[in-house]
Amino acid sequence: MGRVPRVHTTIDGVVYQDEVEPRLLLIHYLRDRLGKVGTPIGCDTSNCGACTVHVDGLSVKSCSMLAVQADGCAITTIEGLAPDGGHPVQRAFADCHALQCGYCTPGMVMAAVDLLRENPDPSEAEIREGLEGNLCRCTGYVNIVRAVRAAAEEMGAPGARIHPAPEAAVLPGGVPGAESAAHASAPAGGGTGR
Amino acid sequence: MTASSETRAPAAPAAPPVPADPAERGGVRHGVGTDAPRPDGVLKVTGEFAYSSDLWADDMLWGATLRSPHPHARIRGIDLTEAVRLPGVYAVLTHEDVPGAKYYGLERADQPVLADGKVRYQGEPVAIVAADHPETARRAMMRIAVDYEVLEPVSDARRAAFDPACPPVHGPAAPPEPGGAARPANVVRYQPVRTGAFAAGAGLDEVRAQADVIVTGEYQVGMQDQAFLGPESGLAVPAADGGVDLYVATQWLHVDQSQLAPCLGLPPEKVRLNLAGVGGAFGAREDLSMQAHACLLALRTGRPVKMVYHREESFFGHVHRHPATMRYEHGARADGTLVFATMEIVLDGGAYASTTSAVVGVASSMAVGPYEVPNVRVDAYGVYTNNPPCGAMRGFGAVQACFGYESQMDRLAEALGMHPVELRIRNAMSEGSRTATGQPVDMPLPMADMLARARALPPPAEPETGPGTDPRRLPGGVAGTTRGEGVVRGVGYGVGIKNICYSESFDDYSTARVRLELVGGEPAVQVHTAAAEVGQGLVTVQQQVARTELGVERVVVRPADTAVGSSGSSSASRQSYMTGGAVKAACEAVREAVFRLARERGLPPGADDALELRGGAVVTRLGAVVAELAELLADTAVEETRVFRHRPTRPMDPLTGQGDAHVQFAMCVHRAVVDVDTELGLVRVVELAAVQDVGRALNPLQLAGQIHGGSAQGLGLALMEEVQVRDAAVRNPSFTDYLIPTILDMPPMRVEILEHPDPHAPYGLRGAGEPPTLSSTPAIIAAIRAATGRPLAHAPVRPEDIVGLPVP
């Protein structure tokens, strides 16, 4: 039997020392050993990016890294990105409705923060390239692009605004809304359709 | 880089004037009609939102599921000896350990909680394990010896539908209903629709003779996966009263409860469900997955049991969209007026019925699409096979039919030499039309206007091709191996119609409890329902309704659970309508109760007939304050519970399909612009534009999000998403092999939202989640056909289809 490796890490500003199995993935160390469940698991095959964290400032899919590889590293998860969700990228995701179920959001936010570190003034195409490794099933990505751009501007990017207004135009039509009362009686049951 | 794909001009017509503070309407901030922020938005960007997979209990065990590797096999024996011996294993259960009913199901109790001596699909649960660690549970499963006698699977849905000699997946056929014909044992539901000459018994040749042009087509829709990002998971906690508390990500708490309680041998009140954070649903959480298994293990061990599926297991752990094979024939006069349509739709339900009957109901009643056709003959079948079970997915039978009828419209337009939009407008349904099932459309249906708007949108910039082209702008991106020499552009249109809410006489209702009281001296509202927030933004809508109805900004939506009556499912685009309607009704009752309190204290002369609740006060219509809520309520809480039902619907006639089966119809129109590399068979969607009528936009920002997301799922079905099933076995159960659109696959979108109120619906709203999923698929495939001239009868389109190679 080999010696069980020890890992020393700083995670969201807290120092941890733990014995871990060599095969333990970083994401399982975070979630199951430390209880840091703010970072979710979406696919197990490094396709979806939901588990993205920062390791020494660079975004990493934490399902594709062993805990032992993080030895000596400073790790930031979504939980430690900023106090009270105050990072401009976090605020922009909430403000721009860039999330629905929100399961991809921690990884998407961490990837976007790293993207803006590398390129503080990205075009729409550059935002899309930068987030290619993160899947979202709810939003069609439209508001995610808008949120990243909004965050870039808040963080001081000089570029012209894109997607200035909410994406959709609501057009008037028809007569003002009529309202129905609740139906008091139950229809005959037994059907199955919808 | 082109301007059009990077920037977005405002939609052509000007937006309506907005109030000074767009967040405020009717005297309260963030009410109905505003872009109110999600109450869970901050929690979701900070990682604090608790998904079902994040739950933890002291002393909890981990559950795991042993699944069949075979699509069809008899189980000769199961030997658990080695598994139970493993230290750390607390329980290993099989079907013999199910204390109550052995079968469950949404429409038919045909699915065993654990395999009952036979497995009918690959991945069927055979045994479950509870252990102190997920790895222990996995090792225990490897020690369970199951002796399978492998059987030939029924894998061909058409054979299941039509071949009387096909072996039954579930035993012999039920006797025919009175007046109905005998049908093969594997047919779960057959639903015909007959109108015009077909109803009068005319033959097809007679009807054909009236048409100048006839087009026929055979189309297939592949098996699509909902691919929510948060796999199935939950935590079952045994309770002191012998019952169980289940925390789970689901779409309909009460239908889970009603299926679980009999299996667990418990009365419903001892099976309490609480909604945990849901990582997307799209229909896949309508059926049970780990619910019964976790409860069984918790009750057996007396310990909390957590179960979390991996992604691969998730592909086997939930139903998919029914794959369809469809045969369509349309006839029209030379001017484009439709004369007749026939369609045969076969939907593969897989091993268990799930919602197949209802999917057949939608597919048959929506088979013709939003077109006026005088003579219709529809034959829709949902069948059992040994393929993966299929059930609900966003669009629910209407998606499959839409690909068929829209493909036919394009084919017909080509045969007639008409523009595809012109043909659609010529035959468009509108308010006052009748559907093929004889139902009058008694609400606005501005289809012609929507099509004209989609067509009038400015086109994106011309494609860049040739030397020096940025490969990232080409189909295939940097992985492409051409320089775009063979890139051609195409434009296509699609339109779809979806019924909203549950149909066919289903008793569809939602329950809401609303409480108004002072908290810290300020009026505050609590809304309690069992309605599942799955990401769509229902929590926001509930708050908005309460704010508008009660004039109080501070509204808290309590966690959903079974301590309050059912809200029905978060499906069929129904929750804004149904739970929005229930919250509104409960608020109205609370408001009346507050007015009674005010009257008891005495009103100023003439105020009684015109009271309103605004800005935390009872006021007269002119705004004079009668009483502040802070004063009026004092230590009293006003609480009301109301059940809301939509207007009744009728069953479809089993022989003719006739009947007012639906509550509401909703439509979306898409225009897709694609670049296709004809050498590589690769497609880049350059732009996707949508025009949707929503009756009334309760929250325009969230609504646009629904249209974006639904369109993206339709894009996936058009270009890449198919669960590959060969001999009833799944070949691609991972996100490496089952592809969903990335941010590079999904183009920028233009969205126009129209508001023509439905007089029957709360606030005039129209369900909105599903329609965009219908029409984006045919629009994109039409655009590829326009670019390439290929017939393209299969969704998703595969590279082989474009370059003309045989598909393996």
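Good morning. Buried residues make up 61% of the 808 residues in chain B, where buried means that 20 or more other C-beta atoms, placed from the backbone, lie within 10 Å of a residue's own. What you see is a predicted model, in which local features need pLDDT of at least 70, side-chain atom pairs count only at pLDDT 80 or more, and totals for chains, interfaces and linings use all residues. Residues are numbered from 1 along each chain as its sequence is written, while chains are lettered from A and ligands numbered from 1 in the order in which they are written.

I begin with chain B as a whole. Chain B holds 20 helices and 35 strands; these are DSSP runs numbered from the N terminus, with helices (H or I) of at least four residues and strands (E) of at least two. The C-alpha trace spans about 80 × 75 × 65 Å along its principal axes. A compact globule of 808 residues would have a radius of gyration near 28 Å, and chain B agrees with its 27 Å; the radius is taken over C-alpha atoms, and the globule rule is 2.2 Å times the number of residues to the power 0.38. Among contacts in chain B between residues at least 6 apart in sequence, 79% join residues at least 24 apart, a contact being two residues whose C-beta atoms, placed from the backbone, lie within 7 Å.

Next, a sheet in chain B. Its seven strands form an open sheet in the order E5-E9-E3-E16-E13-E14-E15, with mixed pairing; two strands pair if DSSP finds at least two bridges between them. Strand E5 (89-93) and strand E15 (271-275) of chain B are the edges, each pairing on one side only. Neighbouring strands are turned by 20 degrees against each other on average, direction ignored; axes are lines fitted to C-alpha atoms, for helices over the stretch in contact, and angles run from 0 to 180 degrees between N-to-C directions.

Which residue of E9(B) stands opposite Thr65(B)? That residue is Ile128(B), and Leu93(B) also stands opposite Ile128(B). E9(B) runs antiparallel to E3(B), joined by six bridges, and antiparallel to E5(B), joined by four. Seven of the seven residues of E9(B) are buried. On its other pairing, strand E3 (residues 61-67) of chain B meets strand E16 (residues 305-308) of chain B in the parallel sense over two bridges, with Leu61(B) opposite Val305(B).

Two helices pack on this sheet. Helix H4 (residues 134-142) of chain B touches E3, E5 and strand E9 (125-131), and its direction makes about 30 degrees with that of E3(B). Helix H9 (residues 291-301) of chain B touches E3, E5, E9, strand E13 (233-238), strand E14 (244-248) and E16, its direction making about 30 degrees with that of E13(B).

From the sheet I turn to the core. Cys295(B) is one of the residues that touch the most other members of the largest nonpolar core, which has 310 residues; Ala112(A) and Val129(B) are also among them. Such a core is a set of buried Ala, Val, Leu, Ile, Met, Phe, Trp, Tyr and Cys residues joined through C-beta atoms within 7 Å. Leaving aside neighbours within four places in sequence, Cys295(B) is in contact with Ala236(B), Val244(B), Leu246(B), Leu260(B) and Leu264(B).

Strand E26 (residues 611-614) of chain B has Leu611(B) and Leu613(B) on its covered face, and Glu612(B) and Arg614(B) on the uncovered one. In a regular strand the side chains alternate between the two faces of the sheet. Four bridges join E26(B) to the antiparallel strand E27 (residues 617-620) of chain B, where Val619(B) is the bridge partner of Glu612(B). Two residues separate the strands of this hairpin, and Gly615(B) in the turn has a positive phi of about 55 degrees.

Finally, chain A. It has five helices and six strands, and 54% of its 194 residues are buried. Five strands form an open sheet in the order E2-E1-E5-E3-E4 (chain A), with mixed pairing. Its edge strands are E2 (14-19) and E4 (58-61) of chain A. Strand E3 (residues 52-55) of chain A pairs with E4(A) in the antiparallel sense over four bridges, and Thr52(A) has Lys61(A) as its bridge partner. Helix H3 (residues 105-118) of chain A lies across E3 and E4, running at about 40 degrees to E3(A).

Thank you.

Technical notes
Buried ≥ 20, exposed ≤ 12 C-beta atoms within 10 Å, placed from the backbone.
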